[in-house]
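Hi there,

Here is the structure I promised to pass on to you. Have a look at it first, and then read my notes below.

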Amino acid sequence: MNEIKTCKLTSAFGLEVAGVDPRTPLDANTRATLRNLFDESGLLLFRDMADDLRFQTYLSEILMGKEVSDPDALALIERCYVSNQEPDGAAPFGRLLYHSDQMWSPTDRVDVLSLYGKKVEQPATPTLFVSAVDAWDTLPEDLRSRVKGCVALQRYDVDTYKKRAAGDPDVLVSTYGGGDAFVTTPIAYPHPRTGRTILYVCQQTTQKIEGVSAEESDRLIDALLDHMYAPGKEFAHHWRQGDLVIWDNLTLQHARPNVTTGGPVRTLRKTLAPLPRSTMRPDYAALESAR
Ligand SMILES: [Fe+2]
């Protein structure tokens, strides 16, 4: 049994966790404790972790609620890096707008994401987080009742990027090989594990609200995004090598300020649980070159 200690990262979400012996399998009490902490806080930070892809993958799977009877049999995805140095690294440069991974996909929901600081030079660009559950809980009543029964269309498209980038040429545009994939989702989205309501719109891929005029759709989305990303709502995780950050991809959205290919090395190893079947290698372009 691990002696787990926690420290809040913000008043609304996120915990730094100490005292976990990072070996597989974790005992049943530790698994239950970590699952509760994860579902309550949405994000767990472990410092000074050894480079161990198996433990990173195992932790993601158990926090998703899966029982892992044989950790040694887990499929490990090597070389899944967000990196400005590795030749096959994802998102090698640019600013990323707020999103949840695969939010636009009709088939592949990702529940848990993690990043491990494999090689981090300072000053490292942080990863930014906001809570979409807190955003729903604190939404002004008139706005909440206006959007409660509405659905939104989620899709990657350059026009939405341009609108949300508001002229920032550093914003990274991702174009997936699948191209036209999109999905419509309720704006008040019930979390499949916790039952809490998620404000399910994001800066990167929410194109429009169905059933209202284009002007009303823009007005409502702007109001929802202004609320979600208001000053004081954001948590910036400043990376150190050996950090493991694991978060609920539905409860929280993530983003980052600009990263440059010539800047300090920032290689973060990523896991996704469950692993999307439709993941394709995206092509990237800074917004300036997409104009
Ligand atoms: Fe992402």
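Here is a question to start with: is tyrosine 229 buried or exposed? With a relative accessible area of 19%, tyrosine 229 is buried, because the cut-off for buried is under 20%. Please keep in mind that this is a predicted model.

Tyrosine 229 has an aromatic partner, tyrosine 98, and the two rings are stacked, at 4.6 Å centre to centre with 10° between the planes. The partners are 131 residues apart: tyrosine 98 sits in strand S5, while tyrosine 229 is in the loop between helix H6 (214-228) and S14. Tyrosine 98 is buried too, at 4% relative accessibility.

Now follow S5 into its sheet. This is an open sheet of four strands in the order S5-S16-S7-S14, and the pairing is antiparallel. Strands S5 (96-99) and S14 (235-237) are the edges, each pairing on one side only. From one strand to the next, the twist averages 20°. S5 is joined to strand S16 (residues 252-256) by two bridges, and leucine 96 has arginine 256 in S16 as its bridge partner.

Back to the rings: the whole structure holds eight aromatic pairs. Another of them is tryptophan 104 with tyrosine 156, whose planes stand at 65° with the centres 5.5 Å apart, so this pair is edge-to-face. These two are 52 residues apart in the chain. Tryptophan 104 is buried at 6% relative accessible area, and tyrosine 156 is buried at 13%. Finally, look for the cluster that ring pairs make of Phe13, Phe129, Phe235 and Trp247.

Enjoy exploring!

Methods
Residues are numbered from 1 along each chain as its sequence is written. This is a predicted model: local features need pLDDT of at least 70, side-chain atom pairs count only at pLDDT 80 or more; totals for chains, interfaces and linings use all residues. Side-chain values use heavy atoms; hydrogens and water are left out. Two strands pair if DSSP finds at least two bridges between them. Axes are lines fitted to C-alpha atoms, for helices over the stretch in contact, and angles run from 0 to 180 degrees between N-to-C directions. Rings of Phe, Tyr and Trp (its six-membered ring) pair if their centres lie within 6.5 Å; planes under 30 degrees apart count as stacked, over 60 as edge-to-face and the rest as tilted. Buried means under 20% relative accessible area, exposed over 50%, partly exposed in between (1.4 Å probe, protein chains only).
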